[in-house]
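User: Hey, could you walk me through this one? I'd like to start with a helix contact and then zoom out.

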Amino acid sequence: MSVLSCADADDKATLVQQLAPSWHDGKISEIGIASPPDRPARPREPELLAPRDMPKRGKAGSPTGRIALLHALAHIELNAIDLACDIIARFSTHDLPQYYFDDWVKVASEEGLHFSLLAKRLRDLDSFYGALPGHDGLWEAAQGTAHDLLARLAIVPLVLEARGLDVTPTMIKNLRKAGDIPSTEILERIYSDEIGHVAIGQRWFQYICKEQDKDPEETWRKLVRKHFKGALKPPFNDEARQLAGIPRSFYAPKTE
């Protein structure tokens with residue numbers, strides 16, 4: 001809850017990275033019951049716009065385009081910190097095993113590291129997080145699934161984060177082509193970690209489907225139709241998705 005109530009982005013990222021060792025070392029020994037806020041505390045900047053109103057980013061080969069890309073990724077990672085903490089606190093009353101909480105504490109800590117790396121890189125490029133607008137689409141997805149853990153898992157890790165696996169390799173390629181090796185290395189680290197995060201989402205989606213005697217693929221498709229606006233668009237990174245435990249039959253068009 002302290003992470004969700006922290007408004008400063010850098011402090012939020014630091015706080016969540018401190019949480020993981022305290023949890024795993026047993027300094028935090030009990031799983032409490034909390035009522036997380038509908039919206040986590042956030043800094044005054046960036047300005048939040050509707051996704052359709054976001055300015056177009058330039059190409060990664062230009063300095064302004066590169067900064068816009070890194071800023072957008074930092075905004076996603078800040079949201080991801082809160083999403084991971086929210087999935088711990090919001091569903092703490094569910095009958096879930098200890099390793100559910102172990103998994104999401106790990107995810108939250110790694111999202112904090114990702115934000116810190118991106119925020120530092122923005123400063124290295126004479127910019128900062130908050131210099132450009134961001135959109136609120138990720139948190140809107142959280143609000144729309146706040147009532148249902150299975151829906152939250154279906155949409156956030158298995159649609160939105162899985163989409164990150166599809167697009168990040170191209171970002172890495174473009175940054176490398178532009179000669180921005182520090183940014184390339186950050187995205188390579190994020191990409192590797194995010195495969196694990198999607199795998200954690202898939203693990204718990206499968207677990208709850210089994211507990212509720214539901215077919216995972218059919219249930220996922222039904223939840224996506226209900227809670228996700230728009231269609232799932234190719235190209236898909238089949239290799240990374242399979243590493244995360246998502247078979248192609250889950251997301252491929254039924255006409256295949």
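**Helix packing and overall shape**

Analyst: Ile-76, Asn-79, Asp-82, Leu-83 and Asp-86 of H2 meet Leu-138, Trp-139 and Ala-142 of H4, where contact means heavy atoms within 4.5 Å. By class, the residues of that contact are five nonpolar, one polar and two charged. Nonpolar covers Ala, Val, Leu, Ile, Met, Phe, Trp, Tyr, Cys and Pro, charged covers Asp, Glu, Lys and Arg, and the others, Gly among them, are polar.

User: What kind of model is it, and how are residues numbered?

Analyst: It's a predicted model, with local features needing pLDDT of at least 70 and side-chain atom pairs counting only at pLDDT 80 or more, while totals for chains, interfaces and linings use all residues. Residues are numbered from 1 along each chain as its sequence is written, and side-chain values use heavy atoms, leaving out hydrogens and water.

User: At what angle do H2 and H4 pack?

Analyst: About 15°, with the axes 9 Å apart; H2 is residues 63-89 and H4 is residues 137-144. Axes are lines fitted to C-alpha atoms, for helices over the stretch in contact, and angles run from 0 to 180 degrees between N-to-C directions. H2 and H4 are therefore roughly parallel (under 35 degrees; over 145 is roughly antiparallel, 65 to 115 roughly perpendicular, the rest oblique).

User: And what about H3 and H6, what's the angle there?

Analyst: H3 (residues 98-124) and H6 (residues 181-211) pack at about 160°, axes 10 Å apart. That makes H3 roughly antiparallel to H6. Their contact has 14 nonpolar, four polar and eight charged residues.

User: Switching topic: is Ser-183 buried or exposed?

Analyst: Ser-183, in helix H6, has 0% relative accessibility, so it counts as buried (under 20% relative accessible area; exposed is over 50%, partly exposed in between, with a 1.4 Å probe and protein chains only).

User: What is it in contact with?

Analyst: Leaving aside neighbours within four places in sequence, Ser-183 is in contact with Leu-70, Arg-121 and Leu-175.

User: OK, zooming out. How many helices and strands?

Analyst: Nine helices and two strands, as DSSP runs numbered from the N terminus (helices are H or I, at least four residues; strands are E, at least two). From the N terminus the order is α-β-α-α-β-α-α-α-α-α-α.

User: What share of the residues is buried?

Analyst: 48% of the 256 residues count as buried. The C-alpha trace spans about 50 × 50 × 30 Å along its principal axes. Among contacts with a separation of 6 or more, 81% are between residues 24 or more positions apart.
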